[in-house]
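This report goes through a protein chain and its ligands, from overall layout to single residues. The sequence and structure come next.

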Amino acid sequence: MFDEEKCTLCGHCLVECAYLAYPEKKAKIEFKKLIEGKPTPVTTECITCCACNTYCPEGANPFDLINQRQEETGTFKVTDQALSNMSMASQLPSKVLKGQLGKPIMNLCTVGDFLSGVIEGQLFDGLTFTKGGDYFCYIGWIHLGKPSKVKENAAKFVNNLTKVANDVGTKEVICFHDDCYALLANKAKEYGIRVPFKPVHIIEYMRDYCKAHADDIKKLNMKISYQQPCASRYTFNKDEMLDELFKLIDVERVPRKYDKMYALCCGGTQGAIANVTKEEVEKWRMKNIMDGKEHGAEAMVFLCPLCTLSLRSRAKAQDLEPYLLSNLVRLALGEELTVGGAGKKFS
Ligand code: SF4
Ligand code: SF4
């Protein structure tokens with residue numbers, strides 16, 4: 001939630017934004033208009049990457065205000081296809097695949113089936129899986145300029161997971177998708193919703209698993225370019241856990257321009273915006289990929305299945321082997337990736 005009392009109108013959020021990159025004077029003027037609810041090009045030009053929430057030195061959450069104004073004004077236009085896809089996600093059949101009693105749940109949200117051969121191997125043994133519309137966190141609606149939908153659905157999402165957690169006797173829900181963790185670990189608090197179980201990010205789960213199985217780890221000795229999902233901005237503190245995990249499996253996250261605070265959208269979100277051309281989306285995707293390559297990466301690693309679909313073939317074409325993070329961990333655990341690192345075999 002935007003905190004107006006913290007905002008000093010410094011304009012830093014809109015200066016640092018890779019996509020708007022306003023000069024300081026313009027940034028200050030346009031941000032003031034946002035606060036006052038006056039028309040400003042920010043609501044149409046912002047691509048909803050959430051990064052300015054981390055740029056703001058005061059912790060005022062400027063993106064939350066931009067997103068609110070996008071919804072109020074209706075000036076942020078997305079494609080009909082994007083709207084239809086997001087609406088369909090909540091209608092996907094829901095399933096609970098029960099594992100061992102007392103073991104954690106892993107919520108696959110609506111994205112667990114997007115990549116083939118991914119939910120396999122020892123990391124997933126014995127877990128209970130939840131997936132489909134009942135277990136969809138709705139965070140994606142932020143990228144369609146409709147944050148109110150996330151809030152409306154949040155209590156139902158938490159309740160649905162709570163019922164399964166009680167049923168299988170666990171107090172832990174591992175989030176396969178970064179978006180779900182953003183909802184449970186950040187947004188639920190903002191909405192005043194109590195979460196009666198511990199949300200565990202898949203990075204935290206895999207880090208702890210690797211620590212507990214240190215003797216089984218085969219050091220990968222690999223330089224990688226990491227694609228951070230936009231939703232990671234809501235729970236940025238887990239980035240340290242990611243670096244710990246990379247250290248455990250001997251993976252070097254190359255220090256490139258478009259990582260961490262300055263990570264770019266994978267193109268999935270940008271491609272859903274009606275007034276952004278395909279050429280523009282492609283330009284940003286290639287900037288992102290080439291940045292990794294120019295900084296010595298030999299592989300590109302994804303946390304989110306949607307980012308994977310958006311960039312895996314393009315990364316491969318630039319000789320960056322694509323991996324979903326969990327697959328990279330499976331590789332370090334000595335497992336064979338029968339469907340490739342990113343759920344696709346490239347010829
Ligand atoms: S959310 Fe991203 S694109 Fe939008 S203003 Fe903030 S940094 Fe820029
Ligand atoms: S939201 Fe933060 S970065 Fe943006 S103008 Fe206010 S204080 Fe500055």
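## Domains and overall form

Domain bounds, as used here, come from an automatic or database domain assignment. The model is predicted. Under that assignment the protein chain splits into domain 1 (4-73), domain 2 (81-140 + 150-205) and domain 3 (214-332). Between the C-alpha centres of domain 1 and domain 2 the distance is 31 Å.

The C-alpha trace of the protein chain spans about 55 × 45 × 35 Å along its principal axes. A compact globule of 347 residues would have a radius of gyration near 20 Å, and the protein chain agrees with this because its own value is 20 Å. Its secondary structure comprises 13 helices and nine strands. Of contacts between residues at least 6 apart in sequence, 75% join residues at least 24 apart.

## Burial and the nonpolar core

Of the 347 residues in the protein chain, 47% are buried. In soluble globular proteins, nonpolar side chains tend to be buried together. Here the largest nonpolar core holds 103 residues, and Leu183, Met300, Val301 and Phe302 have the most contacts inside it. Helix H7 (residues 147-168) gives the largest share of this core, with seven residues.

Leaving aside residues up to four places away in sequence, Leu183 touches Cys137, Ile139, Ala154, Phe157 and Ala188.

## Helices H9 and H13

In helix H9 (residues 202-212), the buried residues are Ile202, Ile203, Tyr205, Met206, Arg207 and Cys210. These residues pack against strand E4 (172-175), E5, helix H10 (239-248) and helix H13 (325-332).

H13 is largely enclosed by the rest of the structure, because seven of its eight residues are buried. The buried ones are Leu325, Ser326, Asn327, Leu328, Val329, Arg330 and Ala332. Their cover includes H9, E7, strand E8 (299-302) and strand E9 (321-324). Just after H13, Gly334 has a positive phi of about 85°.

## Surroundings of the ligands

Which residues surround ligand 1? They are Cys17, Tyr19, Leu20, Cys46, Ile47, Thr48, Cys49, Cys50, Ala51, Cys52, Phe63 and Ile66. Sorted by class, this shell around ligand 1 has eleven nonpolar residues, one polar residue and no charged residues.

Around ligand 2 lie Cys7, Thr8, Leu9, Cys10, Gly11, His12, Cys13, Phe31, Cys56, Glu58, Ala60 and Pro62. The shell of ligand 2 has eight nonpolar, three polar and one charged residues.

Leu9, one of the residues around ligand 2, has a phi near 60°, a positive value in a residue other than glycine. Leu9 sits in the segment before helix H1 (12-16). Is Leu9 buried or exposed? Leu9 counts as exposed, because 12 C-beta neighbours lie inside 10 Å.

Asp250 also has a positive phi, near 60°, and is likewise a residue other than glycine. The position of Asp250 is in the loop between H10 and strand E7 (251-253). Asp250 is partly exposed, because 13 other C-beta atoms lie within 10 Å.

## Two loop residues

Val195 belongs to the loop between helix H8 (178-191) and strand E5 (198-201). Val195 and Asp319 are 124 residues apart along the chain, and their C-alpha atoms are separated by 43 Å.

Lys98 lies in the loop between strand E1 (95-97) and strand E2 (105-109). With 14 C-beta neighbours inside 10 Å, Lys98 counts as partly exposed. Lys98 touches Thr128 and Val168, with residues up to four places away in sequence not counted. The C-alpha atoms of Lys98 and Ala317 are separated by 39 Å, and these two residues are 219 residues apart along the chain.

Conventions: Residues are numbered from 1 along each chain as its sequence is written. Chains are lettered from A and ligands numbered from 1 in the order in which they are written. This is a predicted model: local features need pLDDT of at least 70, side-chain atom pairs count only at pLDDT 80 or more; totals for chains, interfaces and linings use all residues. A residue is near a molecule or strand if its C-beta atom, placed from the backbone, lies within 6 Å of it. Ala, Val, Leu, Ile, Met, Phe, Trp, Tyr, Cys and Pro count as nonpolar, Asp, Glu, Lys and Arg as charged, and the others, Gly among them, as polar. Helices (H or I, at least four residues) and strands (E, at least two) are DSSP runs, numbered from the N terminus. The radius of gyration is taken over C-alpha atoms; the globule rule is 2.2 Å times the number of residues to the power 0.38. A residue is buried if 20 or more other C-beta atoms lie within 10 Å of its own, exposed if 12 or fewer, and partly exposed in between; C-beta atoms are placed from the backbone. Two residues are in contact if their C-beta atoms, placed from the backbone, lie within 7 Å. A nonpolar core is a set of buried Ala, Val, Leu, Ile, Met, Phe, Trp, Tyr and Cys residues joined through C-beta atoms within 7 Å.
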